[in-house]
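Please take a first look at the chain below.

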Amino acid sequence: MIKQMSKHDVLERFKDGMSIMYGGFGGIGTPPTLVKWLKESKTKNLTLIGNDAGFPTIGIGPVVCSQQAERLITSHIGSNPIAGELMQAGKLEVEFSPQGTLMERIRAGGVGLGGILIDVGMDTIVAEGKERVVVDGTSYLLEKPVRADLSLIYAKKADPFGNLVYDQSARNTNPLMAMAGRYTIAEVEELVPLGQLDPEEVVTAGAFVDGLVESEGVDWKWMWE
């Protein structure tokens, strides 16, 4: 059985200086209850890893705006102007990674690969400082895998074993991040009895989940509309 965590349990997991992955795409699929608790924890010097910087009040945005992060590994920050202001002011280090590349780096971290080879950004600033590998006469850039101390993800349903089912596009980056966190907490809309989930609809196996939190409700469904 996977532990059903209280707010106190979750807050004890947040530590200064840790790396945290967060699921979601433009806020959709980001666990709002866990993000709210992360902001309330006032932990600092965090490395945040996710698709984007959210909006100022949606997704990971509130944590970014409260300057709890010193580093952000992401594909874009355009939907959160405050993230851009912090970056320009030297208060937030941002490592940009193309969206597909970032997700593959996270997948590589989750399955234990030593890295991935890509040809995106060859002979551009993207290639600066990166090792080149030649395979069958073709050069590639070596992109290193990404893991995190903690992954915060969102799912529609979970059973007591931690098997997860996602809701439409809210699935987005969550399954990859569930694998790549050394400790993974899933915020779920509904906890169902064992045996109620159809095995064919399970996307993330409970083996990748360490704790479950029942959601207090999402704040991003308006974006679907």
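What follows describes some paired strands first, then the pocket.

This is a predicted model.

**Strand pairs**

Start with β4 and β5. Strand β4 covers residues 69-74 and pairs with β5 in the parallel sense. Within this pair, L72 stands opposite V94 of β5. How does the chain get from β4 to β5? It passes through helix α4, residues 81-88. This β-α-β crossover is right-handed.

Strand β11 spans residues 184-191 and pairs with β9, residues 150-158, in the parallel sense. Here I153 has A186 of β11 as its bridge partner. Strand β11 is also joined to β12, residues 211-214, and these two run parallel. In that pairing V188 has E214 of β12 as its bridge partner.

The table gathers the pairs and their bridges.

| Pair | Sense | Bridges |
|---|---|---|
| β4 and β5 | parallel | 4 bridges |
| β9 and β11 | parallel | 7 bridges |
| β11 and β12 | parallel | 4 bridges |

**The largest pocket**

How much space lies in the largest pocket? The volume is about 200 Å³. Two elements, β5 (93-96) and β8 (138-143), each give two or more residues to its lining. Residues in the lining include E95, F96, R105, I125, K130 and L142. Also among them are S97, V126, E128, E143 and K144. By type, the lining holds 6 charged residues, 4 nonpolar and 1 polar.

Notes:
Residues are numbered from 1 along each chain as its sequence is written. This is a predicted model: local features need pLDDT of at least 70, side-chain atom pairs count only at pLDDT 80 or more; totals for chains, interfaces and linings use all residues. Side-chain values use heavy atoms; hydrogens and water are left out. Two strands pair if DSSP finds at least two bridges between them. On a 1 Å grid over the protein atoms alone, a cavity is a set of points where a 1.4 Å probe fits but cannot get out, and a pocket is an open set with protein on both sides within 12 Å along at least five of seven lines; lining residues have an atom within 4 Å of a point. Grid points are joined across faces, edges and corners, and a volume is the space filled by probe spheres set on the points. Ala, Val, Leu, Ile, Met, Phe, Trp, Tyr, Cys and Pro count as nonpolar, Asp, Glu, Lys and Arg as charged, and the others, Gly among them, as polar. A crossover is right-handed if, with the strands pointing away from the viewer, the path from the first strand over the helix to the second runs clockwise.
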